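Hi everyone, thanks for coming. Let me put the structure up, and then I'll walk you through a few parts of it.

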Amino acid sequence: PRHLAQVGTSLALLLAIAFNGVIVGAKAYRAVRVELQVAALRDVLPADAVLWSFGAAHHRFVYWYDRVIPITELPETADELPPELDYFALTIWSGPTPELAFAWEPIATINLDRKESDSPGVRVVIGRRKR
């Protein structure tokens, strides 16, 4: 019984090492590099820009953006926008980008899917309000 426990423990350790080294490494290699996309976004935005979020932004985006992101509700009319809102983030969990009630232009789309894709499902659309 003692030898059987040692063999079982050794086998479990071997499988854990193999999984963490090979499987996790392969998944990380294929994963979307959110940090690189967010770094490119920060290079495009003005240094003093405040990025607002319509509803809560996706946690992976918030983590890599690493700045305070004020939250407001998605407005039904342009009059409902905070007057100081120029740049915004909109998390889209699936489907097309919804129609917004104000004029805006896209700045970037941050892919938050776990795998690289030409048509990401989960994404954050960054836009600039047109005045």
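**A loop aspartate and the sheet beside it**

Let's begin with a contact: a polar atom of the D113 side chain sits 2.8 Å from the backbone nitrogen of G121. The backbone nitrogen of V122 is also there, 3.0 Å from a polar atom of that D113 side chain.

Before going on, a word on where this comes from. This is a predicted model, in which local features need pLDDT of at least 70 and side-chain atom pairs count only at pLDDT 80 or more, while totals for chains, interfaces and linings use all residues. Residues are numbered from 1 along each chain as its sequence is written, and side-chain values use heavy atoms, with hydrogens and water left out.

Where is D113 placed? D113 is in the loop between strand 4 (104-111) and strand 5 (123-129); strands here are DSSP runs of E, at least two residues, and helices are runs of H or I, at least four, numbered from the N terminus. D113 is buried but has no salt bridge, and R60, the nearest side chain of opposite charge, is 7.2 Å away. Buried means under 20% relative accessible area, with a 1.4 Å probe and protein chains only. A salt bridge needs a side-chain nitrogen of Lys or Arg within 4 Å of a carboxyl oxygen of Asp or Glu; Lys and Arg count as positive, Asp and Glu as negative, with His and the chain ends not counted. Leaving aside residues up to four places away in sequence, D113 touches V32, R60, P120, G121 and V122, where contact means heavy atoms within 4.5 Å.

Five strands make an open, mixed sheet in the order 2-1-3-5-4. Strand 2 (71-72) and strand 4 are at the edges with a single partner strand each, so one side of each has no neighbour in the sheet. Two strands pair if DSSP finds at least two bridges between them.

Strand 1 (residues 51-54) pairs with strand 2 in the parallel sense over two bridges, and F54 has T72 as its bridge partner. Strand 1 also pairs with strand 3, again parallel, over three bridges, with W52 partnered by F88.

What about strand 3 (residues 87-92): is it enclosed or open? Six of its six residues are buried, so strand 3 is largely enclosed by the rest of the structure. Y87, A89 and T91 point one way, and F88, L90 and I92 the other. Strand 3 and strand 5 pair in the antiparallel sense over six bridges, with A89 opposite I126.

Terms used. Buried means under 20% relative accessible area, exposed over 50%, partly exposed in between (1.4 Å probe, protein chains only). A polar contact is a pair of N or O atoms within 3.5 Å; within protein, one must be able to donate a hydrogen and the other to accept it, and residues adjacent in sequence count only if both atoms are side-chain atoms.
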